[in-house]
Amino acid sequence: MLYVTTKSNCETYTAARTLTTDTANDGGLFVPFQMPTLTAGALQGMSHAAVIASVLGLFFRINLTEDDITQCIGSANFKQEAADRKVTVAQLWNTANRSYEQIEYAIYRKLCREVIPCEKVTQWPRIAIRIAVIAALTANAEDRLDVALNAGDFVDPIAAWYGREMGLPIGTILCATNENGGLWDLFTHGQASCGASVQKTTLPELDVAIPWQLERLIFSLFGLPQAMEFADCIEKGRVYKTAFPEKLSEGFAICVVSTQRVPSVIHRVYSTNRYILDTYAALTFGGLQDYRASSGDIQQTLLLSAYSPVVHKEAVANALHLPVRKITEL
């Protein structure tokens, strides 16, 4: 597959280039020259590992096998457990260090077996791996699933959006943000300050004013000039405006959730369903609650969880009024 960038759609780059650097020579972000598509039912009946290998093969033209991916994600694959009515939590953290990052890096190393890898996963592979993981989680769905996730740096939302464009059975993409609600401003009102100060919270991965990965979505929806305008606003801290907020927000739901609500969400879900959410997943769950309350939509939803409750066990233990050691035992 060939790639162009969000600052030039003339010069093309190989997939190998995206494995070694975040941006091209022009400073643009890599995007596929032509997004691959998946025919209905193409992935049904396949294991999680087989789906991931198949989807990544579309993006990188590397012959990954099911066994290659199984070595990365483990034989247990991604467990899914009910956390509430029509809410299934996809646990992406069944690893030694109890986080999705370990899986992501292991898959990245497989992709880079013929290329000298960077110390950390570059941006396009992060998105491509996430698309493949979401494909594995949704491939066998009988109906469309809403997907709930953290907005963060917008890697997860853009991966879900790409997946939906490819043909995955994904409905609304619900993005939860914390007190830093610039994304909500942009999707709701069509403008947001890219230079707004960031409020520090107990969930630092969500402490983002305007995620720069949003540049990829703007490029796909509005073309090169708007993507370059957005990049300039990010660089100079200006206000970015779009004349078509309804097009930007189509298929998305943005919810702003205070981090102060996280303990009560953890406590409520455990009290009613005996399921323990991590702090980041709890914020997403709170956003999903708000979305359902305002929209009346109770579609079956897949909530992506990147961390075991053990990773942030002090905060989880405090929310449940339990000793920290108990969290590792539950």
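Twelve aromatic pairs occur in the structure, where rings of Phe, Tyr and Trp (its six-membered ring) pair if their centres lie within 6.5 Å. This is a predicted model, in which local features need pLDDT of at least 70 and side-chain atom pairs count only at pLDDT 80 or more, while totals for chains, interfaces and linings use all residues. Residues are numbered from 1 along each chain as its sequence is written, and side-chain values use heavy atoms, with hydrogens and water left out.

One of the aromatic pairs is formed by F230 and Y240, with 5.3 Å centre to centre and 90° between the planes, an edge-to-face arrangement. For ring planes, under 30 degrees apart counts as stacked, over 60 as edge-to-face and the rest as tilted. The pair links distant parts of the chain, with F230 in helix α9 (residues 224-236) and Y240 in strand β9 (residues 239-241), ten residues apart. Helices (H or I, at least four residues) and strands (E, at least two) are DSSP runs, numbered from the N terminus. Both F230 and Y240 are buried; buried means under 20% relative accessible area, exposed over 50%, and partly exposed in between, with a 1.4 Å probe and protein chains only. Ring pairs also link Y3, F59, W124, W161 and Y162 into a cluster.

Five bridges join β10 to strand β7 (residues 170-177), and the two run parallel; two strands pair if DSSP finds at least two bridges between them. Within this pairing, F252 in β10 is the bridge partner of I173.

A pocket is an open set of points with protein on both sides within 12 Å along at least five of seven lines, and a cavity is a set where a 1.4 Å probe fits but cannot get out. Lining residues have an atom within 4 Å of a point. Grid points are joined across faces, edges and corners, and a volume is the space filled by probe spheres set on the points. The largest pocket holds about 470 Å³. Of its 22 lining residues, R126, R130, D156, E205 and A306 are the closest to its centre. Helix α4 gives the largest share of the lining, three residues. By class, this lining has eleven nonpolar, three polar and eight charged residues. Ala, Val, Leu, Ile, Met, Phe, Trp, Tyr, Cys and Pro count as nonpolar, Asp, Glu, Lys and Arg as charged, and the others, Gly among them, as polar.

One cavity of 30 Å³ or more is counted, and the largest cavity holds about 60 Å³. Its lining includes A151, G152, T177 and P211, and has six nonpolar, four polar and no charged residues.

Most residues other than glycine have a negative phi. F154, in the loop between β6 and α6, has a positive phi of about 75° and is buried, with a relative accessible area of 0%. H321, in the loop between α13 (313-320) and α14 (324-329), has a positive phi of about 55° but counts as exposed, at 65% relative accessibility.
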